[in-house]
Amino acid sequence: MMNTLPTTRMASAIRALAMDAVQKANSGHPGMPMGMADIAVALWAGHYRHNPENPHWANRDRFVISNGHGSMLQYALLHLTGYDLSMDELKNFRQMHSKTPGHPEVHITPGVETTTGPLGQGVSNAVGMALAEKLLAAEFNKPDFKVVDHYTYVFLGDGCLMEGISHETCALAGTWKLNKLIALYDDNGISIDGHVEGWFTDDTPGRFEAYGWNVIRSVDGHDAAAVDAAIQKAKQSDKPTLICCKTVIGKGAPNVCGTHGCHGAPLGDVEIAAARQNLDWSYAPFEIPDDVYVAWDAKAKGRAAQADWDAMFRAYAGRYPVDASEFTRRMKGDLPEAFSETVKNYVATCAEKKETIATRKASQNAIQAYAPVLPEFLGGSADLTGSNLTNWKESVPLRADHPGNHINYGVREFGMSAIMNGIALHGGFIPFGATFLTFSDYARNAIRMAALMQIRSIFVFTHDSIGLGEDGPTHQSVEHVSSLRLIPNLDNWRPCDTVESAVAWAHAARRHNGPSTLIFSRQNLPFMARDAEQVANINRGAYVLRDAADAKVILIATGSEVELAMKSADELAKQGVNARVVSMPCADVFDRQDAAYKASVLPRALPRVAIEAGVTDFWYKYVGLDGAVVGIDTFGESAPAGVLFKHFGFTVDHVVAKAQAVLANGK
């Protein structure tokens with residue numbers, strides 16, 4: 001241990017702060033912080049390498065509270081060890097604009113590595129972080145320099161282990177032999193509904209051993225020395241480790257400990273007074289004595305640890321300047337200087353080739369073009385690589401015994417997405433992973449978390465509509481594109497051809513403040529001719545693909561339906577009606593444009609018809625109640641794609657009839 005102060009006294013400080021903050025907020029979860037306080041002492045005082053003065057130090061250990069309802073444990077640790085998290089912030093726990101929200105949120109609280117709350121995703125993010133560490137170490141470390149060398153620690157509870165995502169990601173952690181991932185399991189047998197023995201009887205140690213983990217069983221979670229010894233042992237393993245810590249929830253509160261009564265509710269003044277007496281903690285609420293602050297203070301140790309690493313990295317840069325520069329660039333999240341020119345040249349190549357191919361193939365071609373200048377690309381697929389086309393010629397499959405840049409995630413869409421988020425949070429990579437669009441439902445909460453955390457995860461979805469054909473309604477996406485558009489801060493791209501696909505990929509790679517979905521077709525789509533201004537305007541989310549003098553109506557379309565809009569405009573012209581065609585590959589980006597640009601694309605005076613092979617409700621924000629939408633408000637059918645499009649009204653005749661009806665209603 002780093003000091004001689006009794007560990008029980010250090011743990012009591014955590015318990016007191018958790019009780020006091022939850023009580024003052026009249027909201028929160030005191031039980032977990034009180035139950036895991038001794039485990040926290042063992043890890044943070046004896047093993048956790050970090051620098052409170054620089055929470056973003058590249059080679060810091062990562063710490064994740066997967067059971068994020070116990071956020072006061074982390075806030076107490078951050079405050080006590082010297083992070084920029086004042087006592088006033090602890091007093092403002094769960095209050096508006098404080099740095100201590102109800103669950104840990106990255107970018108809000110210094111020292112918080114990921115946003116947790118939805119159980120199971122924290123440990124899944126931790127798997128991604130540990131994988132990123134392993135891959136970066138393989139790429140950048142040299143025999144004489146270990147510039148990437150840190151652990152990922154995660155606290156988790158019964159709820160995390162009940163969530164199915166923990167099965168998906170922990171199985172992969174074992175397969176990949178992520179030996180620098182150490183999980184400490186708060187085995188207290190309690191959830192909100194009470195004692196879990198009525199609904200959670202898994203052999204958890206056996207389960208993790210079956211995954212290929214090192215499991216340390218039956219550790220007394222209230223004996224910091226025992227936990228310390230278990231962590232020491234875990235560091236010697238060539239596998240990820242689960243340390244099973246038997247604990248009492250709400251430890252220290254004499255009348256409610258060990259019950260669900262202290263899980264998610266304030267203890268109350270009477271019980272807190274009894275707990276203070278029980279813990280021999282005689283201080284007022286939010287009062288921490290000097291000797292406890294001294295014992296916990298990690299600033300000097302963290303400063304020294306980073307100084308040692310900085311000195312090593314300077315020597316590394318002197319001997320390996322190219323590697324050092326590349327490592328620094330990638331950890332900053334900057335793109336290489338060559339990327340912009342590569343994009344420009346590749347988009348021009350797409351325009352020259354004028355290929356009619358499926359946009360999933362156009363996506364693969366874009367990956368192939370960009371990957372040579374983006375070594376940070378880390379792709380993958382949930383068992384559908386041959387259909388999603390996320391690999392490229394030089395890609396190397398990841399395996400436990402050798403690094404790679406393409407991951408076979410298996411049939412684990414949710415796990416894949418949460419692991420990607422952990423990779424993005426760690427830094428050094430731009431992760432992308434793929435599945436069929438209809439299975440975005442499995443991944444949805446991780447996609448939402450990526451948007452909430454404003455991280456650069458790229459979710460690739462193919463087989464984007466009834467156009468996939470005979471597989472039928474279980475696989476045909478109808479509501480999925482519109483439902484993804486409901487998630488704030490998520491850019492959803494549905495390109496119509498090779499050029500839009502190339503631009504979409506570049507836009508997603510450049511985006512620093514949020515994730516993107518790239519949504520591609522199974523069926524071939526024709527090339528659309530454009531001038532330079534139109535190509536540039538693809539980056540604005542929507543643009544005029546075809547204009548006409550004295551246009552009377554606007555046809556708005558995305559993806560595979562852009563071709564239909566163009567053909568319908570031809571037919572309308574034959575009938576004496578000039579139509580403007582607007583391609584809107586990304587409504588989210590278009591909505592962020594200035595009012596003048598939006599008005600130039602969609603003038604208020606012109607009636608509108610939207611065309612997309614999906615549910616119609618979304619489109620009324622653009623066409624208005626007087627406009628029309630050609631879409632699908634039922635599930636699909638099993639039949640060839642051509643038959644389905646005709647059956648559901650995706651024909652020139654139907655679009656023209658809708659346009660004529662809109663024009664007639666406006667007279």
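You are looking at a predicted model, in which local features need pLDDT of at least 70, side-chain atom pairs count only at pLDDT 80 or more, and totals for chains, interfaces and linings use all residues. Residues are numbered from 1 along each chain as its sequence is written, and side-chain values use heavy atoms, leaving out hydrogens and water.

Now step back to α11 itself, residues 269–279 (helices are DSSP runs of H or I, at least four residues, numbered from the N terminus). Colour E271, I272, A275, R276 and L279, which are buried (under 20% relative accessible area with a 1.4 Å probe, protein chains only; exposed is over 50%). On the face turned away, pick out the exposed D269, V270 and Q277. Then show α1 (7–25), which is included in what covers the buried residues.

Next, visit the largest pocket, with about 830 Å³ of space. Select H56, M331, L425, H426 and G427, the closest to its centre among 38 lining residues. Elements giving two or more residues to this lining are α13 (299–319), α14 (321–332) and α18 (413–426); α14 gives the most, with six.

Finish at P603, R604, L606, R608 and Y622, which lie nearest the centre of the second largest pocket. About 490 Å³ of space lies there.

Definitions and conventions: Contact means heavy atoms within 4.5 Å. On a 1 Å grid over the protein atoms alone, a cavity is a set of points where a 1.4 Å probe fits but cannot get out, and a pocket is an open set with protein on both sides within 12 Å along at least five of seven lines; lining residues have an atom within 4 Å of a point. Grid points are joined across faces, edges and corners, and a volume is the space filled by probe spheres set on the points.
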